[in-house]
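Have the structure open as you read.

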Amino acid sequence: MGSTGFSWKLADHPKLPKGKLVAMIVLDGWGEADADKYNCIHVADTPTMDSLKNGAPDKWRLVRAHGTAVGLPTEDDMGNSEVGHNALGAGRIYAQGAKLVDLALASGKIYEDEGFNYIKESFADNTLHLIGLMSDGGVHSRLDQLQLLLRGASERGAKKIRVHVLTDGRDVLDGSSVGFAEILEAELADLQSKGIDAKVASGGGRMYVTMDRYENDWGVVKRGWDAQVLGEAPHKFKSVVEAIKTLRQAPGANDQYLPPFVIVDDSGKPVGPIVDGDAVVTVNFRADRMTMLAQALEYEKFDKFDRVRVPKIRYAGMLQYDGELKLPSHYLVSPPLIDRTSGEYLVNNGVRTFACSETVKFGHVTFFWNGNRSGYFNAELEEYVEIPSDSGITFNVQPLMKALEIGEKARDAILSGRFDQVRVNIPNGDMVGHTGDVEATVVACKAADEAVKMILDAVEQVGGIYVVTADHGNAEDMVKRNKKGEPILKDGEVQILTSHTLQPVPIAIGGPGLAAGVKFRKDVPSGGLANVAATVMNLHGFVAPDDYETTLIEVVD
């Protein structure tokens with residue numbers, strides 16, 4: 001115990017014994033949705049998961065895995081594997097997304113980190129380009145964050161700055177783009193008065209230029225690329241305010257769908273195409289409508305459209321948009337540093353821990369689980385095993401992935417008697433779900449179910465306890481839907497959904513080691529992934545720290 005009075009020692013649970021093996025199974029991309037033919041979990045033969053759902057009603061429930069439950073700004077933000085495993089391991093909800101950017105800007109930490117120092121190398125002789133949604137909607141971006149970044153970069157050596165704006169009208173009122181453009185112009189004029197060459201270089205409406213998602217229409221990204229990188233667009237203007245006001249006069253025009261435009265100088269030359277040596281930052285904090293542009297900016301091999309010219313740039317995202325793809329590889333704001341995670345507490349209380357997944361999710365069940373921290377807390381008490389994922393193929397080609405190998409490693413760890421917690425991530429539902437191949441995803445869900453059975457059988461043999469849950473939805477709904485929930489058709493074909501979802505995920509507890517009288521409480525109806533850590537600590541025989549989200553279980557005499 002240090003001078004602060006902090007201690008890793010957890011209090012013993014008054015009613016639950018210590019020393020029972022706990023198997024912690026995370027099914028990746030396994031949400032709960034209505035049964036139909038696009039719910040691959042429902043279609044698949046999944047007897048093990050079905051038996052948990054249809055077993056004791058007080059041993060199965062749903063928990064929230066998106067939005068504010070995992071630290072994201074709004075309930076329209078789907079969960080993802082990184083924030084999901086952060087919440088599962090941390091037992092508390094940490095700011096992700098917008099709030100994280102606010103903190104980094106306010107403290108100045110954003111300017112000290114690797115991402116900013118990487119783009120800064122372009123400042124002396126080249127241009128800094130900022131691309132993003134120009135609004136105060138707070139869903140994808142915020143104008144005040146862009147303003148702070150403009151000031152901060154110019155104070156730290158950026159002499160030439162070009163802004164590529166995307167008008168909103170979706171998260172804010174249609175027509176508000178004119179006011180936002182005027183605010184931005186005033187900001188840039190202030191920088192110009194200080195000797196900084198700062199201008200808007202291009203623009204367009206978010207739904208027609210750049211901000212497509214889920215690979216719906218690469219033409220949207222290409223229109224943005226042509227304006228931003230090549231300096232080519234059907235409309236040319238002297239200023240962004242003039243551009244928006246003029247384009248909005250066309251019949252049926254609105255902010256979301258404004259056509260692409262470039263700003264030109266007096267000789268008609270574009271003021272800010274992206275060229276070799278420049279730095280580029282995508283300023284949106286929300287990932288889903290930036291990942292496609294990020295691929296075009298970052299990937300050497302790229303076949304989604306003809307880029308014509310691929311400048312050698314220093315590119316960084318405001319955040320890393322995809323933890324699985326590590327995209328982009330440079331970013332201005334790092335994930336939150338999370339202290340006192342459940343894993344660290346349990347190891348410090350003698351809980352011997354085994355964690356395993358295949359490559360694509362190994363980091364989730366270790367690094368993200370442990371609060372974005374690499375390595376062991378105590379190498380003598382922990383063992384982490386990574387099974388190499390298939391490479392060089394898309395996961396729908398081999399939808400079994402390494403589910404059975406993960407199941408076998410977990411089974412062997414359980415039967416060895418060397419561990420008190422065996423933790424795995426089974427990736428199939430998510431990774432195959434992302435391919436949009438419905439048949440393959442059905443096969444993937446069956447394989448995941450078989451892996452769960454293998455682990456539960458081992459738990460049965462050693463008299464242990466199991467917790468089965470998921471990090472977010474995906475495989476349970478593979479079709480895009482309209483407001484009424486009906487599948488959306490395009491040219492007579494249903495539109496396949498390859499993304500995560502907003503659905504809740506199941507959590508089930510059981511096993512011969514589960515003490516009599518343990519059941520899910522009825523008074524935590526809005527429980528989320530962050531409530532799982534305290535629950536697992538209880539099952540290990542401990543009371544969770546006071547500041548953890550409350551446990552989901554109670555013990556009834």
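## Ground rules

Contact here means heavy atoms within 4.5 Å. This is a predicted model, with local features needing pLDDT of at least 70, side-chain atom pairs counting only at pLDDT 80 or more, and totals for chains, interfaces and linings using all residues. Residues are numbered from 1 along each chain as its sequence is written, and side-chain values use heavy atoms, leaving out hydrogens and water.

## Helix 6

Helices (H or I, at least four residues) and strands (E, at least two) are DSSP runs, numbered from the N terminus. Helix 6 covers residues 143–155. Its 13 residues reach 18 Å from first C-alpha to last, close to the expected 18 Å (1.5 Å times one less than the number of residues).

Buried means under 20% relative accessible area with a 1.4 Å probe, protein chains only (exposed is over 50%, partly exposed in between). Among the buried residues of helix 6 are Leu143, Leu146, Leu150 and Ala153. The helix's buried residues pack against helix 4 (98–107), helix 5 (114–120), strand 3 (128–133), strand 4 (160–167), helix 7 (177–193) and strand 8 (279–282). Just after helix 6, Gly157 takes a positive phi of about 110°.

## Strand 8

Strand 8 is covered on both faces: Ala279 and Val281 are buried on one side, Val280 and Thr282 on the other. In a regular strand, side chains alternate between the two faces of the sheet.

Strands pair if DSSP finds at least two bridges between them. Strand 8 pairs in the parallel sense with strand 3 over 4 bridges, and Thr282 is the bridge partner of Ile131. Strand 8 also pairs in the parallel sense with strand 9 (residues 314–317), over 4 bridges; there, Tyr315 partners Val280.
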